[in-house]
Amino acid sequence: QVDESKEVESIVPSYACQRRTTLENHNTVFTDALSLLAENAELSDEDGRGVAFRRAAAVLKALHSPVTDLLQLRGLPCLGGHSLRVIKDVLENGASSEVEFTKQSERFKALKVLTGIFGVGAKTAERWIREGIHSLPQLQDSAHTLNRAQQAGLEHYDDLNQPVTKAEGDTIGEIVAKAVMSVLPGAQMTLIGGFRRGKLTGHDVDFLITHPEEGREVGLMPKVVSWLESKGFLLYQKTTRNSYLESKDGPARPSSNMDRFERCFSIFKLPEDAKQGTKQTETLTEDTPEDTCSLTTPSLVKDEGSESTKRANLKPWRAVRVDLVVSPISQFAFALLGWTGSKLFERELRRWAGHEKAMSLSSHALYDNTQSKYLRASSEEEIFAHLGLEYIPPSERNA
Ligand code: TTP
Ligand code: MN
Ligand code: MN
Ligand code: MN
């Protein structure tokens, strides 16, 4: 039996972008443990350790049956000593002592609470924790002035920490599509991120917008945002303009992993019963009493049944994070691939390109360092082909 499983193990390739990873995970008990340690590492500015745990978890996600014995892991890639110890602990004791210890540590709990605020990253949270701020009430009592994003994040803390459903994503999609069509007929909008990979919930909803005629997409984002704002759909937005075409001699060689598309990080005000149609949607957004909710953050109130919590739950809308990205049609395939995720899948694609093919992949372009030229593509399939990889559809990129 061990030989049989060894057979299966030896066919797991080492890059996540070479594997088909569906949402069906037979090893959640292990991958949850490893993901928590990855998260803890990332929150502690230890990205290298974070990636190692993410890669180990991704290998287990790609297996077709539950791991029941350490021997089954022989020959599998990406499983370092630390990850193996965690798996062993779970196999023998039902849980990893390191994971349990981390979960209960004040530091981890504080990092989770504080980075749970939209606009607060690990560095900011770390700084606050050093000052003794471990909770939202402590943050509010502190003298810290929050930036606009953080203020919105705190104000809508509970909503933004509640998973977004596919149905909510679809409703938002209809609203965004209406905005896009109103300001630029002929423009196209595609669902990206986790929902494109088939996830049933997400932490936000992501959309990519383009126009089949190159150049027509320029300046589109501010118009879309104005339309949404005029209809009362936005609680917060920050638009960043495209910085990719600013170098005179065409697209520069992609150097950073950060892309430079025109984009908008926003918080949507989603009417709770938007399913009943746009008419109701617009009525609701008009007469929502903004100030009843803006002064209290439900989580700051200790008593769950308090008046303000009840009031907040009765509000006829909920806050949802939405990301919008605009790409010129010539870069659309790269943007689509780069924004579909998962994050580890993206990271592995770039690592594969660089290490195995001497190419640089970004969300804008693919550059062949050997031939010193850009490789064009108008579909994701073509990009995988350029990279010498078997095509992996979005639903199998859940590494
Ligand atoms: P997220 O929305 O953060 O992740 P997700 O949609 O996979 O998961 P969730 O359901 O929790 O929302 O990011 C979506 C993708 O966009 C992810 O692959 C990373 C990618 N991306 C950025 O977020 N920022 C960037 O600058 C680039 C280039 C890509
Ligand atoms: Mn399976
Ligand atoms: Mn997302
Ligand atoms: Mn996103």
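Which residues of helix α9 (residues 148–155) are buried? They are Ala149, Gln150, Ala152, Gly153 and Leu154, where buried means under 20% relative accessible area, exposed over 50% and partly exposed in between (1.4 Å probe, protein chains only).

This is a predicted model, in which local features need pLDDT of at least 70, side-chain atom pairs count only at pLDDT 80 or more, and totals for chains, interfaces and linings use all residues. Residues are numbered from 1 along each chain as its sequence is written, chains are lettered from A and ligands numbered from 1 in the order in which they are written, and side-chain values use heavy atoms, with hydrogens and water left out.

**The whole protein**

- You'll find 19 helices and ten strands in the protein; helices (H or I, at least four residues) and strands (E, at least two) are DSSP runs, numbered from the N terminus.
- Of the 399 residues in the protein, 47% are buried.
- Take the contacts (heavy atoms within 4.5 Å) between residues at least 6 apart in sequence: 70% of them join residues at least 24 apart.
- The protein has an accessible surface of about 19700 Å², and 51% of that belongs to carbon and sulfur atoms; accessible areas come from the Shrake-Rupley method with a 1.4 Å probe, and for residues only the protein chains shown count as cover.

**Helix α9**

- The buried residues of α9 pack against α7 (122–130), α8 (136–141), α10 (157–160), β5 (234–240) and β6.
- At the start of α9, the backbone nitrogen of Ala149 has a side-chain oxygen of Asn147 within 3.1 Å. That's a polar contact, meaning a pair of N or O atoms within 3.5 Å; within protein, one must be able to donate a hydrogen and the other to accept it, and residues adjacent in sequence count only if both atoms are side-chain atoms.

- Donors are N, O and S atoms within 2.8 Å of the metal (3.2 Å for Na, K and Ca); water is not among the atoms, so sites may look incomplete.
- The manganese ion (ligand 3) is coordinated by Asp204 (OD) and Asp206 (OD), at 2.0 to 2.1 Å.
- The manganese ions, ligand 3 and ligand 4, sit 3.6 Å apart, with Asp204 coordinating both.
- Asp204 is buried, with a relative accessible area of 6%, and Asp206 counts as buried at 9%.

**Ligand 1**

- There are 19 residues around ligand 1, and Gly194, His203, Asp204, Asp259 and Lys343 come nearest; a residue is near a molecule or strand if one of its heavy atoms lies within 4 Å of it.
- α12 (193–196), α17 (332–340) and α18 (343–357) each bring at least two residues to the shell around ligand 1.
- Oxygen atoms of ligand 1 are found 2.8 Å from a polar backbone atom of Gly194, 3.1 Å from a side-chain N or O atom of Asp206 and 2.7 Å from a side-chain N or O atom of Lys343.
- On its own, ligand 1 has 600 Å² of accessible area, and the protein covers 84% of that.

- Ser363 sits in the loop between β8 (359–361) and β9 (366–368) and counts as buried at 11% relative accessibility.
- Not counting residues up to four places away in sequence, Ser363 touches Asp259, Phe261, Gln331, Phe334, Ala335, Gly338 and Trp339.
- Ser266 is part of strand β6 and is buried, with a relative accessible area of 1%.
- Phe384 belongs to helix α19 (residues 380–386) and counts as buried at 1% relative accessibility.
- Phe384 and Leu349 are 35 residues apart along the chain, while their C-alpha atoms are separated by 9.2 Å.
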